[in-house]
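This report describes selected features of one protein structure.

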Amino acid sequence: QVDMLIQKVLGLCAETDLHDHGSLSRFEFKNALKKAGQDLTRVEMNMVLASMPRDAFGKIRFSEFTDVMHKVRFTTIKNSIMETRASDTEKVLMGLCREEELAGMDLDEDTEPTYTGLITTLQLSNVLTNVKLSLNRLQVTSVMCEVDVQDGFLDYWLFVPVAARNIDIMNDPVTIQKKADLLAREQIKPEDFLKGKKEEELKEELENLFIQYDADNSGELDVEEFEHCLNSLDLGLTKGQITALTTLADEDRSGTIDKDEFMEFAFHHLVHLQREKHMRQIQSTLDHSNSTEPSEVGRLDSAETARSRSASAASGDGGVDVGTGGTGKMASTDG
């Protein structure tokens, strides 16, 4: 069906392109889509128009339509499946992400929005702090640290399923109780996850770093200086964590972070992230130990199997009816 649509559109484009330039104006190309695209939704049409390559004069190169149409149809089918299977949290997240993307579009009243699935980290922080999700600041930081940012943007179609799963886990009573039990049992101290540093030592290091990077003594750090501070802490922070912390630290969106903001935000969020990371490592080790350590029954079964194989090998019966000679009695191994 898609291939038939493609052939119709290309045929109409060729008829319209009287001088064989291989390109049409946006108006001409849109007319071809309307005439041929009975099965083309308005959203798909806008996605195609937004995705088609242009020549040096801004006209649409319609020879590229085949690849573009296949990609657009794949995307709409994938999105439809995802929305059908999505959890309640995914649906809320997806809706908020689309609202943020739409808010950044400059559209006429009669223009259908074309969603790219891309938003900035600043837009994502608006999504995660929305009251519909009921996340506290530390939870927002944890979720944002999982973001894969490329050229300042993230693909929320890829991010939402992962983020929704993490949010559901955070709010799961069993997980919350499991975490509380782990904290009580393991008696985790700050030195365990701050590379041997005590909280007071981290505070002092943060204060010294702020002074060091505040070169103009303005009492503020810009975004780049803040990132340098985080990198120099030697806590093994990932690029995603640094990006998330930088975005969230600038609460008033001024582009700078003052000392009070820096000390309060950086300290509490760094401690939280490192503690969570340490607890995941402990839990992973415990889960692995539990899954690999055989039960008493398993050990007895393994020992019995080993003995049976040894008896089979000694009797030379090839493992059939092990050690009984087919009579239910132990076969004699005497010469």
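Ser125 is placed in helix H6, residues 121-128; helices (H or I, at least four residues) and strands (E, at least two) are DSSP runs numbered from the N terminus. The model is predicted: local features require pLDDT of at least 70 and side-chain atom pairs count only at pLDDT 80 or more, while totals for chains, interfaces and linings use all residues. Residues are numbered from 1 along each chain as its sequence is written, and side-chain values use heavy atoms, with hydrogens and water left out.

Ser125 counts as buried because its relative accessibility is 1%. Buried means under 20% relative accessible area, exposed over 50%, and partly exposed in between (1.4 Å probe, protein chains only). Neighbours within four places in sequence aside, Ser125 is in contact with Met144, Thr247, Leu248 and Arg253, where contact means heavy atoms within 4.5 Å.

## Helix H13

Two of these partners, Thr247 and Leu248, are listed among the buried residues of H13. This helix, residues 239-249, is mostly covered, with 10 of its 11 residues buried. Gly240, Gln241, Ile242, Thr243, Ala244, Leu245 and Thr246 are also among the buried residues, as is Ala249.

## The second largest pocket

The second largest pocket has a volume of about 460 Å³. Of its 20 lining residues, those closest to the centre are Met47, Thr75, Asn79, Tyr115 and Thr116. Two or more lining residues come from each of helix H3 (42-51) and helix H4 (65-85), and H4 gives the largest share, nine residues.

On a 1 Å grid over the protein atoms alone, a cavity is a set of points where a 1.4 Å probe fits but cannot get out, whereas a pocket is an open set with protein on both sides within 12 Å along at least five of seven lines; lining residues have an atom within 4 Å of a point. Grid points are joined across faces, edges and corners, and a volume is the space filled by probe spheres set on the points.

By class, the lining comprises seven nonpolar, eight polar and five charged residues.

## Loop residues

Asp20 is found in the loop between helix H1 (2-16) and strand E1 (23-24). Its phi is near 50 degrees, a positive value in a residue other than glycine. Asp20 is exposed because its relative accessible area is 65%. Ser134, in the loop between H6 and helix H7 (137-144), likewise has a positive phi, near 55 degrees. Ser134 counts as exposed, since its relative accessibility is 59%. Most residues other than glycine have a negative phi.

Ser218 lies in the loop between helix H11 (199-213) and strand E5 (220-222). With a relative accessibility of 41%, Ser218 counts as partly exposed. The C-alpha atoms of Ser218 and Asp258 are separated by 8.7 Å, although these residues are 40 apart along the chain.

## Cysteines and the chain as a whole

How many disulfides does a search of the whole structure find? The search finds zero, a disulfide being a pair of cysteine sulfur atoms within 2.5 Å. Cys97 counts as buried at 0% relative accessibility, and Cys145 is buried with a relative accessible area of 10%.

The protein chain contains 15 helices and six strands. Of its 335 residues, 35% are buried. Among contacts in the chain with a separation of 6 or more, 64% are between residues 24 or more positions apart.

Technical notes: Ala, Val, Leu, Ile, Met, Phe, Trp, Tyr, Cys and Pro count as nonpolar, Asp, Glu, Lys and Arg as charged, and the others, Gly among them, as polar.
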